[in-house]
Number of protein chains: 2
Amino acid sequence: VERDFDRAIALVRQDDGSLLGHTSPAYANMVGPFGGMIAAQVLNAVLRQPDRLGEPIAVTVNFCAALAEGPYTAVARALRTNRSTQHWFAELRQEGQTMITATAVTAVRRATWAADEQRMPDAPAPEQCPAPQGRGFVAWLQRYEMRLIDGALPVAWDDAELPHSISRLWVRDAPPRPLDHAALMALCDVFFPRVWLRRATRVPVGTVSMTVYFHADAERLAATGDDYLFAQARGQGFRGGYFDQTAQLWNRRGELLATTHQVVYYKS
Amino acid sequence: VERDFDRAIALVRQDDGSLLGHTSPAYANMVGPFGGMIAAQVLNAVLRQPDRLGEPIAVTVNFCAALAEGPYTAVARALRTNRSTQHWFAELRQEGQTMITATAVTAVRRATWAADEQRMPDAPAPEQCPAPQGRGFVAWLQRYEMRLIDGALPVAWDDAELPHSISRLWVRDAPPRPLDHAALMALCDVFFPRVWLRRATRVPVGTVSMTVYFHADAERLAATGDDYLFAQARGQGFRGGYFDQTAQLWNRRGELLATTHQVVYYKS
């Protein structure tokens with residue numbers, strides 16, 4: 001089966017070595033595409049390079065401008081290749097303009113002492129959590145099955161200040177899809193804006209920069225398969241028009257798969 | 001007074017528009033310079049650009065290769081300039097090779113609703129905490145006055161697995177220096193490697209990527225002056241040769257100044 005996700009991240013190599021992609025209406029957000037999909041697309045531009053060494057360890061994506069629905073050109077360059085690590089710079093461009101930039105570190109992993117210090121909180125199994133209701137007010141929300149445990153959007157947009165912005169949920173692609181680094185990259189951005197939760201007010205927002213650290217190799221992701229991930233996010237600081245979010249994603253066995261952070265513009 | 005820190009981040013503009021800097025023996029680490037100083041140097045290459053818009057919001061630094069003691073060339077390019085935000089790519093080069101890459105978002109901040117959701121833990125005042133003993137085993141440790149509260153290096157390197165890697169300390173430049181974004185960038189890297197704390201074993205380590213989100217503008221940093229910052233760090237996941245660290249820095253009044261994350265290579 002070719003899935004929406006795979007169609008959305010697809011890239012076609014051009015004669016000049018660049019890659020040609022196209023935004024996907026299936027992942028549309030209010031203005032332009034879902035940021036997680038953009039992050040997966042730019043990571044895929046790195047993953048598709050024939051001289052890539054190892055697997056992604058750290059990826060930072062900067063949202064320079066709102067990607068327009070339509071085609072984009074992706075370029076990725078290895079700026080430094082060491083024995084077991086490689087440093088990448090990548091860009092998505094539209095009409096010659098830089099829309100998205102990214103840096104990525106890829107590396108050959110080795111088995112070492114390991115620990116998941118940040119533990120998955122106790123929670124009911126995903127099957128015991130309420131299934132999503134309705135179809136969501138933007139297309140991309142239909143591409144994920146989210147079963148919320150804690151920290152839903154306020155029922156009333158009554159402008160009341162809440163004490164914290166922690167959300168916890170089970171989430172997977174809809175329809176289910178075997179996990180890989182590109183899909184996990186996108187999943188790192190499924191959390192609605194923390195400032196909406198804190199302020200119970202839907203102020204305009206936009207992620208400006210997002211970083212993902214992968215703690216799992218392809219084998220561990222494949223073993224996780226298409227099962228639910230446990231995802232947790234919270235804001236740390238909100239000031240001067242920008243807030244940050246820190247988040248973790250585990251598989252059902254409690255293995256930490258990714259930690260992720262982002263800084264988000266907000267108005268008023 | 002010209003301080004070690006200011007001498008260490010100094011850059012001289014070259015005819016081709018690039019900037020010439022020099023590593024500082026005052027900030028030497030075991031191999032090459034202290035990573036926090038490198039991060040401050042590459043941020044300074046952005047801050048020194050005459051067409052820079054606003055103040056730093058998010059900076060990601062990638063450590064591609066060990067910077068050698070000696071001169072380096074710094075280049076910074078604005079890849080996208082919007083009305084109130086700007087996206088930068090910067091590099092430090094030695095002998096034509098890329099050693100360090102960075103992306104930075106700068107922006108004009110506006111007064112908004114604000115909250116420090118991640119609260120500063122209760123702690124004794126810095127004056128009540130033990131002053132550092134001895135001179136430190138590498139030069140850069142003498143450039144910081146660290147007053148540890150929790151999570152010191154193990155007294156015995158006895159290879160015992162500890163349950164967590166949380167460290168808390170008061171810290172400031174030594175001698176004291178008024179805080180600005182470059183100094184805060186460097187302070188975000190003062191934590192010793194979390195894997196040393198967890199394993200009580202000094203395995204080889206090296207930061208590969210580090211991100212700082214600034215929650216304070218120049219005015220708030222100036223108001224903090226040369227006082228101690230409260231700094232807290234912990235590891236989240238350790239696996240396959242890489243671990244991550246998440247950290248926060250507050251001023252004494254409990255204002256969150258920066259949140260920071262890094263991913264670190266470790267051996268065995």
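Predicted model: local features only at pLDDT ≥ 70, side-chain atom pairs only at ≥ 80, totals over all residues.
**Aromatic rings**

- Over all chains, a search of the whole structure turns up 23 aromatic pairs.
- A tilted pair is formed by Phe243(B) and Tyr266(B), with 5.9 Å from centre to centre and 50 degrees between the planes.
- Phe243(B) is in strand β12 (residues 242–251) of chain B and Tyr266(B) is in strand β13 (residues 256–266) of chain B, so this pair ties together parts 23 residues apart in sequence.
- Phe243(B) counts as buried, at 0% relative accessibility, and Tyr266(B) is buried with a relative accessible area of 0%.
- In chain A, one aromatic cluster is made up of Phe5(A), Tyr27(A), Phe34(A), Trp140(A) and Tyr144(A).

**Charges over rings**

- Arg172(B) has its charged end over the ring of Tyr228(B), 4.1 Å from the ring's centre.
- Over the face of Phe238(B) lies Arg198(B), at 5.6 Å from the ring centre.

**How chains A and B are related and meet**

- In the interface, 61 residues of chain B are in contact with 61 residues of chain A.
- The copies meet through the same surface, because 100% of the interface residues of chain B are also interface residues in chain A.
- Between them, chain B and chain A bury about 5600 Å², and 51% of this is on carbon and sulfur atoms.
- On the chain B side, the residues that lose the most area to chain A are Trp113(B), Glu117(B) and Arg239(B), together 17% of what that side buries.
- There are 6 salt bridges across the interface of chain B and chain A.
- Glu117(A) and Arg234(B) form a salt bridge, with their closest N and O atoms 3.0 Å apart.

**Charged pairs within chain A**

- Side chains of opposite charge can pair when their charged atoms come close. Over all chains, the whole structure holds 30 salt bridges.
- Arg147(A) and Glu145(A) form a salt bridge, with 2.8 Å between the closest N and O atoms. Arg147(A) is buried, at a relative accessible area of 13%, and Glu145(A) also counts as buried, at 13% relative accessibility.
- Asp150(A) and Arg168(A) meet through their side chains in a salt bridge of 3.1 Å, N to O. Asp150(A) is in strand β8 (residues 144–150) of chain A and Arg168(A) in strand β9 (residues 167–173) of chain A, so the pair ties together parts 18 residues apart in sequence.
- Asp150(A) is partly exposed at 35% relative accessibility, and Arg168(A) is partly exposed with a relative accessible area of 21%.
- Asp180(A) forms a salt bridge with Arg177(A), and their closest N and O atoms are 2.9 Å apart. Here Asp180(A) counts as partly exposed, at 27% relative accessibility, whereas Arg177(A) is buried, with a relative accessible area of 7%.
- A network of salt bridges links Asp4(A), Arg7(A) and Arg143(A).

Technical notes: Residues numbered from 1 in each chain as written. Chains lettered and ligands numbered in written order. Heavy atoms only, no water. Phe/Tyr/Trp six-rings, centres within 6.5 Å; stacked < 30°, edge-to-face > 60°. Helix = DSSP H or I, 4+ residues; strand = E, 2+ residues; numbered from the N terminus. Buried < 20%, exposed > 50% of the residue type's maximum accessible area, 1.4 Å probe, protein only. Lys NZ or Arg CZ within 6 Å of the ring centre and 35° of its normal. Contact = heavy atoms within 4.5 Å. Buried area = accessible area lost by both parts, 1.4 Å probe. Salt bridge = Lys/Arg side-chain N within 4 Å of Asp/Glu carboxyl O.
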